[in-house]
Amino acid sequence: MTGKNSEAVAEAAEAAPPKGPEREFLTFRLGEEEYAVDILKVQEIKGYGGVTRIARAPSFIKGVINLRGTIIPIVDLRDRFGVGELSYDEFTIVIILNLTERVVGIVVDSVSDVSRLTDEDIRPAPNFSTAVDTRYIEGLAETDQGMLIVLEIDGLMSDPGMELQNAEWE
């Protein structure tokens, strides 16, 4: 490199501090919005099927499946969040998540991609009125495709409102 080019590179490196380590997120759609969960929480992605309904379960808990000997509750995030069309066919997707305290499946409209983000890429969610619960939104990230809502999925799935604690299938 010539002196001017190496000086320009050095100045650019000083002006832009390192962004920190990247994390990978699986992105998926619910209605018109794009969401993301930490890919380290994802066990597998499968089609919807073989769900056994549990009596008196909330509408967003579609039932349970037996996945290689493990009974897994299936939660439809479209229903829980009130977004997306609630149809179930051969194209319906279930993301199996291996969380801190349990394995759970979530129904989504579609799986989009794997995105790499740093902590600096994820901005805090703005404060809304009490009608919008942002406790389980890790933050928002701007991508080439638009805004990405990064979920704190462990907290969301362990929230008492999800009604997964002390469930009969555990």
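Rings of Phe, Tyr and Trp, the last through its six-membered ring, are taken to pair if their centres lie within 6.5 Å. In this predicted model, the rule gives a count of 3 aromatic pairs. One of them joins Phe 28 and Tyr 35, with ring centres 6.0 Å apart and planes at 15 degrees. Planes under 30 degrees apart count as stacked, and the pair of Phe 28 and Tyr 35 is therefore classed as stacked. Both Phe 28 and Tyr 35 are buried.

Tyr 35 also pairs with Phe 81, at 5.9 Å between ring centres. The planes of Tyr 35 and Phe 81 stand at 35 degrees, so this pair is tilted. Tyr 35 belongs to strand 2 (residues 33–38), whereas Phe 81 belongs to helix 2 (residues 77–81), so the pair ties together parts that are 46 residues apart in sequence. The relative accessible area of Tyr 35 is 8%, which places this residue in the buried class. Phe 81, at 30% relative accessibility, counts as partly exposed, because that class covers values between 20% and 50%. Through ring pairs, Phe 28, Tyr 35 and Phe 81 are linked into a cluster.

Contacts between arginine side chains and aromatic rings were also examined. Arg 78 is placed over the face of Tyr 88, at 5.1 Å from the ring centre. Arg 80 has its charged end over the ring of Phe 60, at 4.6 Å from the centre of that ring.

Note on methods: Residues numbered from 1 in each chain as written. Predicted model: local features only at pLDDT ≥ 70, side-chain atom pairs only at ≥ 80, totals over all residues. Heavy atoms only, no water. Phe/Tyr/Trp six-rings, centres within 6.5 Å; stacked < 30°, edge-to-face > 60°. Buried < 20%, exposed > 50% of the residue type's maximum accessible area, 1.4 Å probe, protein only. Helix = DSSP H or I, 4+ residues; strand = E, 2+ residues; numbered from the N terminus. Lys NZ or Arg CZ within 6 Å of the ring centre and 35° of its normal.
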